[in-house]
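Welcome! Take a moment to look over the sequence and the model, and then we can walk through a few of its features together.

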Amino acid sequence: MGKIAQWLSTGGGEIMNAAGARLVKILDYPLDLKKLQASAHRVFQIMDSHLATREWLELDRPTIADIACFPYTALAWQGDIDLADYPNVRRWLARFRSMPKFIAMPGVDQTT
């Protein structure tokens with residue numbers, strides 16, 4: 001439970017830098033885009049390393065931790081955050097999208 005709680009915090013914390021970058025790019029919010037992008041890249045590096053030895057963030061199955069981190073990771077491209085350097089994150093996104101009954105929201109169906 002503690003590991004899942006850490007990822008819930010990450011989903012509502014560091015990954016939100018990708019959401020902030022989206023606000024700048026889509027809605028022209030007056031935020032520091034470069035700083036938001038750099039912070040998002042730091043968390044995606046951590047996620048990529050973590051996912052190198054597992055398919056899901058914790059417990060070898062999808063959990064609320066994955067649900068918390070998925071949307072803003074999948075939408076990072078809208079903030080000009082390229083996930084090309086994070087193959088494990090991209091595979092995780094693909095696994096998430098291929099789950100039975102997965103329903104995409106606009107932008108999430110974008111291939112990353």
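What follows is a short tour of the aromatic residues, a surface patch and one loop.

Please keep in mind that this is a predicted model. Let us begin with the aromatic side chains. The structure holds 7 aromatic pairs. In one of them, Phe 70 and Phe 96 are stacked, with 4.0 Å from centre to centre and 10° between their planes. This pair links distant parts of the chain, since Phe 70 belongs to helix 4 (residues 64–74) and Phe 96 to helix 5 (residues 87–97), 26 residues apart. Both Phe 70 and Phe 96 are buried.

These two rings also belong to one aromatic cluster, together with Trp 56, Trp 92 and Phe 102.

Now to the surface. A nonpolar patch is formed there by Leu 23, Ile 26, Leu 27, Tyr 29 and Leu 31, which together have about 450 Å² of accessible area. Leu 27, one of its members, lies in helix 2. Leu 27 counts as exposed because its relative accessibility of 51% is over the 50% cut-off.

Pro 30 sits in the loop between helix 2 (16–27) and helix 3 (33–50).

| Residue | Relative accessible area |
|---|---|
| Pro 30 | 79%, exposed |
| Leu 27 | 51%, exposed |

Technical notes
Residues numbered from 1 in each chain as written. Predicted model: local features only at pLDDT ≥ 70, side-chain atom pairs only at ≥ 80, totals over all residues. Heavy atoms only, no water. Helix = DSSP H or I, 4+ residues; strand = E, 2+ residues; numbered from the N terminus. Buried < 20%, exposed > 50% of the residue type's maximum accessible area, 1.4 Å probe, protein only. Phe/Tyr/Trp six-rings, centres within 6.5 Å; stacked < 30°, edge-to-face > 60°. Patch = residues over 30% accessible without salt bridge, like charges linked within 9 Å, V, L, I, M, F, W, Y side chains within 5 Å. Areas by Shrake-Rupley, 256 points an atom, 1.4 Å probe, with all protein chains shown as cover. Salt bridge = Lys/Arg side-chain N within 4 Å of Asp/Glu carboxyl O.
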